[in-house]
Amino acid sequence: RVVIDDIPGVSATNLVSFQSQSGNASDVTIYYSSTSSSDNGVVYMDSTDYVSFSNLKFLNSSTGSYSIVVYMRSSCNNVIFDNCIIEGKSTTSGSANQSLFYSNGDTINNLTIDRCEFKFGSYALYLYGNSAGSNGCTISNNTCSTSYRGMYLKYYHNVTISNNLIDADYNFALKLDNCDSSITEIGRAHV
């Protein structure tokens, strides 16, 4: 399990990066098996800023009720996932506790998810902000396959969703709720 809290000294010019040496996401797997709500998440970020993950595979191997892969809480800003594989439990549950990418009631600003492959999970993305709104979210060039539901965003502003292939088994491929300003280009959603 990778737990990342506030990192002193980070900035736009002093970014903390995690990446595979080969540049191939399948070559490095970071995995964990969650057992309860208190340890849910392979990557757990709390008030984390200016961090990027590139060319890595993240896997939650839990067979139980808690199998979040990426968990972001409190206020996380300027976080990038690029060309990663994010894999969770194959499920027919609609529980957010089995999401591949999760935040709930938190402020997540300037999140970028690009060229990633999402496999299984109850939701590919469950990004439920707070009523003040999160600002800046780019979700592009991703593939989501066999997740129970697709992507769900609530209370996000300045959202760009483009060129994603979403194959969701139930209910919706993409749901935007109270994302009330500057939604740019929604394309290539397949159910």
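**Strands, cores and charged pairs**

Q: Which residue in β7 is the bridge partner of M45?
A: M72 in β7 is the bridge partner of M45. Bear in mind that this is a predicted model.

Q: What makes β4 and β7 count as a pair of strands?
A: Two strands pair if there are at least two bridges between them. Strand β4 (residues 43-46) and strand β7 (residues 70-73) have four bridges, in the parallel sense, so they qualify as a pair under the rule of at least two.

Q: How do you know that β7 also pairs with β10?
A: There are two bridges between β7 and strand β10 (residues 101-104), again parallel. The rule asks for at least two, so β7 and β10 count as paired. Y71 has Y102 in β10 as its bridge partner.

Q: What is the order of the strands in the open sheet?
A: Seven strands line up as β1-β4-β7-β10-β13-β16-β19, with parallel pairing. From one strand to the next, the twist averages 15 degrees.

Q: Why are β1 and β19 called edge strands?
A: β1 (2-4) and β19 (174-177) each pair on one side only, so they are the edge strands.

Q: Why is I4 called buried?
A: I4 has a relative accessible area of 6%, and buried means under 20%, so I4 counts as buried. I4 lies in strand β1. Leaving out residues up to four places away in sequence, I4 touches F18, Y44, M45, D46, T48, V51 and F53.

Q: How far apart are I4 and C76 in sequence and in space?
A: I4 and C76 are 72 residues apart in sequence and 10 Å apart in space, C-alpha to C-alpha.

Q: Which residues touch the most other members of the largest nonpolar core?
A: That core has 37 residues, and M45, F53, F81, F101 and F118 touch the most other members.

Q: Why is the D46 and R73 pair called a salt bridge?
A: The side chains of D46 and R73 meet at 3.5 Å, N to O. The cut-off is within 4 Å, so this pair is a salt bridge. The pair links distant parts of the chain, with D46 in strand β4 and R73 in strand β7, 27 residues apart.

Q: What makes R73 partly exposed?
A: R73 has a relative accessible area of 30%. Buried is under 20% and exposed is over 50%, so R73 falls in between and is partly exposed.

Q: How do you know that K57 and E87 form a salt bridge?
A: The closest N and O atoms of K57 and E87 are 3.4 Å apart, so the pair passes the test of within 4 Å. K57 is in strand β6 (residues 57-60) and E87 in strand β9 (residues 85-87), 30 residues apart. Both K57 and E87 are buried.

Q: Why does the K119 and E117 pair count as a salt bridge?
A: The closest N and O atoms of K119 and E117 are 3.7 Å apart, which is within 4 Å, so the name applies. K119, at 24% relative accessible area, is partly exposed, and E117, at 30%, is partly exposed. By this rule, the count comes to five salt bridges.

Q: What makes N60 buried?
A: N60, in strand β6, has a relative accessible area of 2%. That is under 20%, so N60 is buried. A polar atom of the N60 side chain lies 3.1 Å from the backbone nitrogen of S62, and one lies 2.7 Å from the backbone oxygen of I68.

Q: Why is the link between S140 and D114 called a polar contact?
A: The side chains of S140 and D114 are joined at 3.0 Å, and the limit is within 3.5 Å, so this is a polar contact. S140 lies in strand β14 (residues 134-140) and counts as buried at 8% relative accessibility.

Conventions: Residues are numbered from 1 along each chain as its sequence is written. This is a predicted model: local features need pLDDT of at least 70, side-chain atom pairs count only at pLDDT 80 or more; totals for chains, interfaces and linings use all residues. Side-chain values use heavy atoms; hydrogens and water are left out. Buried means under 20% relative accessible area, exposed over 50%, partly exposed in between (1.4 Å probe, protein chains only). A polar contact is a pair of N or O atoms within 3.5 Å; within protein, one must be able to donate a hydrogen and the other to accept it, and residues adjacent in sequence count only if both atoms are side-chain atoms. Axes are lines fitted to C-alpha atoms, for helices over the stretch in contact, and angles run from 0 to 180 degrees between N-to-C directions. A nonpolar core is a set of buried Ala, Val, Leu, Ile, Met, Phe, Trp, Tyr and Cys residues joined through side-chain atoms within 4.5 Å. Contact means heavy atoms within 4.5 Å.
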